[in-house]
Amino acid sequence: MTLVRTGFIPIPPGTDPGFDHADVYRAGGRVYVAHTGADRIDVLDCETKTYLRSLPDLPGVAGVLIDEAHDLLFSSDRAAARVSVFRCSDEHLLGQTAVGAHPNGLAYDSRRRCLYSFNLGEPVGEGCTVSVVDVDSMSNAQEIVLPGRPRWAAYDAPSDRIYAKIRDPAVILEIEPGSAAVVRSIAVPSAGPHGLWVDGDRLFCAADAGSLVVLDRSSGDVLASLPLPGTPDVVMLDAGAQRLYVAVGDPGTVSVIDTARLSLRETVETESDAHTLAWDPDRETLYVFCPASGGAALYSDSR
């Protein structure tokens with residue numbers, strides 16, 4: 001099987017180019033992507049493969065996260081030091097609240113209905129924190145001090161833990177949501193941990209040094225370390241086909257990893273600075289967001 005380009009969705013430009021995190025709302029068949037250079041979230045239709053509309057007035061929006069079960073869409077509005085919460089089904093704004101400086105990655109503890117906003121600090125890289133937001137009251141309930149600049153984060157429901165990357169020191173933090181406390185630090189043997197995916201007992205970590213490191217979640221042991229063609233960012237898992245997609249903005253590729261064999265399947269050329277992905281499992285379509293071309297390139301496996 002080979003990943004082939006099947007289409008392109010033009011997206012209206014913003015003041016500056018640049019996309020960040022994206023997520024898929026499966027119930028509505030829509031993709032939401034942070035269009036950072038336009039201060040908005042862009043909405044794409046998965047069925048018709050078209051641009052629908054935008055959610056405006058989100059300054060410097062960076063993080064986008066969807067929780068299907070609770071019908072929630074979250075954004076981190078980096079330039080406004082706040083998070084926004086929408087009802088995803090009708091895109092109604094439920095509330096906004098202030099968090100730490102330059103919020104970026106997001107993780108949602110669905111059990112306690114708390115949003116974790118990982119903040120880059122002021123100046124960026126100093127005084128980094130996590131803001132714990134109670135979604136029902138839209139109040140910033142707690143701040144956790146971080147040892148360095150945070151990158152990607154995720155809540156893992158089966159283990160009831162939050163995992164978050166720190167660029168330097170190169171670690172993955174394990175946070176226990178009940179106490180909102182860091183309970184463990186897992187060393188990453190590659191500089192600049194960035195993209196993250198939790199898959200059962202495995203942590204897939206894409207690092208700036210140009211490698212994909214696979215760690216055992218319980219022991220922290222390294223299961224595999226695979227070379228990448230450059231500095232990676234977003235990773236997305238196709239659980240059904242046992243493939244992990246790794247976006248590498250420079251030189252502009254997607255590395256396809258066989259998660260069963262822990263081996264490189266192929267490397268596909270995309271576009272320079274295309275570092276953001278979204279995966280639509282229902283239509284088996286990979287969205288690669290291309291700032292230079294001004295839109296989303298679509299890829300599917302040839303079968």
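The model is predicted, so local features need pLDDT of at least 70 and side-chain atom pairs count only at pLDDT 80 or more, while totals for chains, interfaces and linings use all residues. Residues are numbered from 1 along each chain as its sequence is written, and side-chain values use heavy atoms, with hydrogens and water left out.

Begin with L3, I172, Y245, V254, L277, L286 and V288, which touch the most other members of the 28-residue largest nonpolar core. A nonpolar core is a set of buried Ala, Val, Leu, Ile, Met, Phe, Trp, Tyr and Cys residues joined through side-chain atoms within 4.5 Å, where buried means under 20% relative accessible area with a 1.4 Å probe and protein chains only. Next, select strand β27 (residues 285–290), which gives the most to this core, with three residues; strands are DSSP runs of E, at least two residues, numbered from the N terminus. A second, separate core of 18 residues includes F118, A153, Y155 and I166.

Turn now to the cysteines: the structure holds zero disulfides, a disulfide being a pair of cysteine sulfur atoms within 2.5 Å. For C114, the nearest cysteine sulfur, that of C88, is 20 Å away.

Finally, visit the loops. Between β11 (114–119) and β12 (129–134) lies P123, and the peptide bond from E122 to P123 is cis, with omega near -5 degrees. In the loop between β6 (61–67) and β7 (72–77), select D71, a residue other than glycine with a positive phi of about 55 degrees.

Conventions. Buried means under 20% relative accessible area, exposed over 50%, partly exposed in between (1.4 Å probe, protein chains only). Helices (H or I, at least four residues) and strands (E, at least two) are DSSP runs, numbered from the N terminus.
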